[in-house]
Amino acid sequence: LITSNNQIRRIVNSVKVNIYNNPAKTYSLYEIGHYDQDKHKTKTRNNEGVLEKMMSNEEPQHALKRAISEELGPNYISNLRFMKGHPVFDVEKASRDPLKDSYSYPGLPTQYNWFTEEIYIPLLTEQTLYNNASKQFFTKELKEDGSFKRFILWEWKDQS
């Protein structure tokens, strides 16, 4: 939280990681929704890639790896490939959304700062796209204590 012009604002730094099947970017991974197994229903999201709020004083590279680990699985962290050969996050180039009402705290003006990156994960592509006719798959997200949090439905979408 910061104070600007006698108004309290919430600043949220986040990473947005677009995940492609390979450097040609034929397919992009989308988070379709969160599946509630009790209701047999999916809460639609339709976000391209992985989105993750950064922790206080966290570097974008660490947030990217944490996001991949939490949402897709820790087995993919050692298999990341950056489209430009290395991470290119740059604090000066973070895109800033306009100030808007907070989703989490209605009435509190919030600004989202996005650190973006493009990657591909050969192991993920092999396991979930090339060996999967539907191009959809689920991952299981866990809480910090290791207990179940939710299922996430993903889909590879053709970009051509």
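**The pocket and its surroundings**

A: Leaving aside neighbours within four places in sequence, L51 is in contact with V15, K16, E71 and W114. Contact here means heavy atoms within 4.5 Å. The model is predicted, so local features need pLDDT of at least 70 and side-chain atom pairs count only at pLDDT 80 or more, while totals for chains, interfaces and linings use all residues. Residues are numbered from 1 along each chain as its sequence is written, and side-chain values use heavy atoms, with hydrogens and water left out.

L51 sits in strand β5. Strands (E, at least two residues) and helices (H or I, at least four) are DSSP runs, numbered from the N terminus. L51 counts as partly exposed, at 22% relative accessibility. One of the contacts of L51 is V15. The two are 36 residues apart along the chain, yet their C-alpha atoms are separated by 5.7 Å.

Now the pocket. L51 is one of the residues that lie nearest the centre of the largest pocket, along with R45, E52, K53 and E71. In total, 23 residues line it. A pocket is an open set of points on a 1 Å grid over the protein atoms alone, with protein on both sides within 12 Å along at least five of seven lines; a lining residue has an atom within 4 Å of a point. The space inside comes to about 640 Å³. That volume is the space filled by probe spheres set on the grid points, which are joined across faces, edges and corners.

Which elements give two or more residues to the lining? They are β3 (27-36), β5 (50-53), α1 (60-71), β9 (109-120), β10 (136-142) and β11 (148-158). The lining divides into 14 charged residues, six nonpolar and three polar. Asp, Glu, Lys and Arg count as charged; Ala, Val, Leu, Ile, Met, Phe, Trp, Tyr, Cys and Pro count as nonpolar; the others, Gly among them, count as polar.

Past β5 comes M55, in the loop between β5 and α1. M55 is partly exposed, at 43% relative accessibility.

N113 is the first stop, a residue of β9. N113 is buried, with a relative accessible area of 6%. A polar contact of 3.0 Å joins its side chain to that of N13. Such a contact is a pair of N or O atoms within 3.5 Å; within protein, one must be able to donate a hydrogen and the other to accept it, and residues adjacent in sequence count only if both atoms are side-chain atoms. Apart from neighbours within four places in sequence, N113 is in contact with I11, V12, N13, S14, S95 and R96.

Y120 is the second stop, also found in β9. Y120 is buried, at 18% relative accessibility. Not counting residues up to four places away in sequence, Y120 touches Y20, N21, N22, P23, N79, L80, R81 and M83.

Helix α2 (residues 122-130) is next. Its buried residues are L124, T125, T128 and L129. Seen down the axis of α2, they fall within an arc of 100°, so they line one face of the helix. The arc is that of the directions from the helix axis to the C-beta atoms. An α-helix has 3.6 residues a turn, so residues three or four places apart point the same way. What covers the buried residues of α2 includes β2 (7-20), β3, β10 and β11.

T125 is buried, at 1% relative accessibility. Its side chain reaches the backbone oxygen of N21 at 3.3 Å. Beyond four places in sequence, the contacts of T125 are Y20, N21, Y130 and W156. E126, also in helix α2, is partly exposed, with a relative accessible area of 39%.

Last, the loop between α2 and β10 holds K135. K135 counts as partly exposed, at 25% relative accessibility. Its phi is near 65°, a positive value in a residue other than glycine. Most residues other than glycine have a negative phi.

Notes: 1 Å grid on protein atoms, 1.4 Å probe; cavity = no way out; pocket = protein on both sides within 12 Å on 5 of 7 lines; lining within 4 Å. Buried < 20%, exposed > 50% of the residue type's maximum accessible area, 1.4 Å probe, protein only.
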